[in-house]
Amino acid sequence: MERRLFSSKLCFRTQHPTRTVNSLYFDTLDLISYRDSIEGGSNRCKKRLRWYSHLNSDNDATLEFKMKKGHQSWKKIWVKAFRINPLQKSWNDFYKPKKEEFPSKVILRNFHPTSIVSYDRKYLVSFDNKIRVTIDQNLKFFEQRHGSTPNLTWNKPFKNIVVIEVKAELSNESLLQNFFNEIPFSPSRFSKYCESIMPQRNNLRY
């Protein structure tokens, strides 16, 4: 796929160096975010902390609310609002707001750590910077629902899954047709969070 992108008429190139992406997802006890995603509700929201580099290293983390309405999606973010300390044995110490006055208990009320997803991401962009493609590999899913302490040991590796996302601003959405004409495949909905708490499957996903 990478070779095809680099040799296409859209002249894709590497936008950023490959990096490891880690996300801690939050959900209610009855998994409302999971159910909304599985059922394909028109209005959905996923809440997660995201940080980069090695999963076990201390790092700043950004709180993201990933919103979706119909075919449009956007994010509400608090950049580097938290500090991740992954070797800690309690959730209170695993992630902490960097400022005491940050209202984390309010905006995450009734939401609890549910899953950690980690993967390697490659970033590509078309020559005109209007179409972006990310390629995610080496996915690892760490279930968090069945214990009182953070789990970074037992994971479900999905080594054979490659997730390719094609993105464009709403104003450039019509350009995606050129992409699919030249590089045809059948897009499908895919949620790393939902996959992380489903039975294991080995697939190639777009």
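**Exercise 1.** Is Y25 buried or exposed?

Before we start: this is a predicted model, where local features need pLDDT of at least 70, side-chain atom pairs count only at pLDDT 80 or more, and totals for chains, interfaces and linings use all residues. Residues are numbered from 1 along each chain as its sequence is written, and side-chain values use heavy atoms, leaving out hydrogens and water.

*Solution.* Step one, get the cut-offs: buried means under 20% relative accessible area, exposed over 50%, partly exposed in between (1.4 Å probe, protein chains only). Step two, apply them: Y25 has a relative accessible area of 5%, so Y25 is buried.

**Exercise 2.** Work out how the rings of Y25 and Y193 are arranged.

*Solution.* First, the rule: rings of Phe, Tyr and Trp (its six-membered ring) pair if their centres lie within 6.5 Å; planes under 30 degrees apart count as stacked, over 60 as edge-to-face and the rest as tilted. By this rule there are 11 aromatic pairs. Next, the numbers: the centres of Y25 and Y193 are 5.0 Å apart with the planes at 25°, so this pair is stacked. Now place the partners: Y25 is in strand β1 and Y193 in helix α6, 168 residues apart, so the pair links distant parts of the chain (helices are DSSP runs of H or I, at least four residues, and strands of E, at least two, numbered from the N terminus). Finally, Y193 is buried too, at 1% relative accessibility.

**Exercise 3.** Which residues of helix α2 are buried, and where do they point?

*Solution.* Begin with the list: in α2 (residues 32-39), the buried residues are S33, Y34 and S37. Viewed down the helix axis, they fall within an arc of 100° (taken from the directions from the axis to the C-beta atoms), so they line one face of α2. Finish at the end of the helix: α2 is followed by G40, whose phi is positive, near 70°.
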